[in-house]
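This report covers a sheet and the helices packed around it. The structure comes first, then the details.

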Amino acid sequence: MRIHDAPATAAALPYERLVPALETMFARGCEVPPRHIHELGSDSNFFTSLIMPAWVPGRYYGVKTINIAPGNAQRGLPGLHATYLLYDGSTGVPLALIDGNAITTRRTAAASALAGRWLARADARRLLVVGAGRIARELPAAYRAVRAIDEVRVWARSPARAQALAQAWRSEGLDARAVTELAAACGQADIVSCATLATEPVVRGTWLRPGTHLDLIGSFTPAMREADDDCFAGASLYLDTEEALQKSGELLGPMARGLFTPADVRGTLAALARGEAAGRTRDDERTVFKSVGTALEDLAAAILVHEGARPA
């Protein structure tokens with residue numbers, strides 16, 4: 001069994017390869033049962049463990065385990081730790097132990113870029129990143145695998161973190177700058193990509209011009225939300241999987257208020273990859289993509305890491 005730490009995992013997942021790998025897996029499909037959720041420990045010392053299995057029958061079987069420990073901040077430790085175990089799908093033999101944080105971060109950014117391949121304007125070049133965390137850090141590189149992005153702006157609640165992230169991107173040769181006026185930045189962007197932990201809307205639909213593609217990553221529980229109702233009004237809505245309709249406050253709130261129904265969703269990544277759903281049809285069409293993540297993406301990334309490390 002090979003062991004891939006975080007740097008090795010990231011190096012094995014360049015977006016030029018990862019985005020097509022996700023497209024192939026969404027088109028072909030795999031088995032993805034519901035995730036398991038377990039609470040461990042006592043009231044004063046506990047963590048939540050998420051177990052996310054997926055498999056391609058007869059080829060590969062993988063399990064990602066994510067442990068979320070809110071009390072770790074007081075111990076000077078990160079609050080989230082993840083690992084990925086990949087097995088032979090025929091024999092059950094362990095093949096690889098892979099850093100789960102690196103897989104999650106890169107496959108999440110790659111899924112947004114994959115959606116952008118169908119939903120962002122072909123001439124999109126201005127990217128606005130909302131948020132300054134681990135996933136936000138990856139979004140320009142991911143989007144540059146599918147669009148000719150040459151201008152990146154970043155906004156975050158902490159101006160210092162936004163400045164630091166813009167500086168990091170500039171050191172990589174990007175035209176990157178932190179902004180403080182979010183409304184104006186939204187109005188100038190071709191793609192607005194949100195990766196925050198917000199529980200109240202950060203982006204407002206009235207700020208978005210026709211033709212904008214809005215990418216919503218952060219809301220993965222019913223209590224979380226990054227966009228207001230106006231972001232969905234008159235827009236074409238796409239999801240990573242239909243599970244988003246049950247999990248994300250981004251969608252649950254507007255549906256409860258009658259803004260749209262599940263039947264109004266134009267398609268998922270699987271439907272787009274299989275040609276069963278059309279992407280953007282007009283330059284002035286406003287599109288929205290909402291993701292909550294799926295074990296299918298983790299498995300596709302893990303296979304790419306493993307097969308890239310195998311002897312020729």
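Two strands count as paired if DSSP finds at least two bridges between them. On that basis, this predicted model holds an open sheet of 8 strands with parallel pairing. The strand order is β9-β8-β7-β10-β11-β14-β12-β13. Its edge strands are β9 (176–178) and β13 (267–268), and each of these pairs on one side only. Strands of a sheet pair through backbone hydrogen bonds, either parallel or antiparallel.

Strand β7 (residues 126–130) and strand β10 (residues 191–194) run parallel and are joined by 4 bridges. Leu 127 has Ile 191 in β10 as its bridge partner.

| Helix | Strands | Direction angle |
|---|---|---|
| α3 (residues 100–119) | β11 (213–216), β12 (236–239), β14 (287–290) | about 155 degrees to β14 |
| α4 | β7, β8 (151–155), β10, β11 | about 160 degrees with β7 |

Helix α4 (residues 134–143) also meets helix α5 (residues 159–171). Their axes come within 11 Å and cross at roughly 35 degrees. The crossing of α4 past α5 is right-handed.

Which residues in α4 and α5 meet? From α4 come Ala 136, Arg 137 and Pro 140. From α5 come Leu 165, Ala 168 and Trp 169. By class, this contact has 5 nonpolar residues, 1 charged and no polar. Arg 137 is the charged one, because Arg counts as charged.

Methods. Residues are numbered from 1 along each chain as its sequence is written. This is a predicted model: local features need pLDDT of at least 70, side-chain atom pairs count only at pLDDT 80 or more; totals for chains, interfaces and linings use all residues. Side-chain values use heavy atoms; hydrogens and water are left out. Axes are lines fitted to C-alpha atoms, for helices over the stretch in contact, and angles run from 0 to 180 degrees between N-to-C directions. Helices (H or I, at least four residues) and strands (E, at least two) are DSSP runs, numbered from the N terminus. A crossing is left-handed if the near helix is turned anticlockwise from the far one by less than a right angle, and right-handed if clockwise. Contact means heavy atoms within 4.5 Å.
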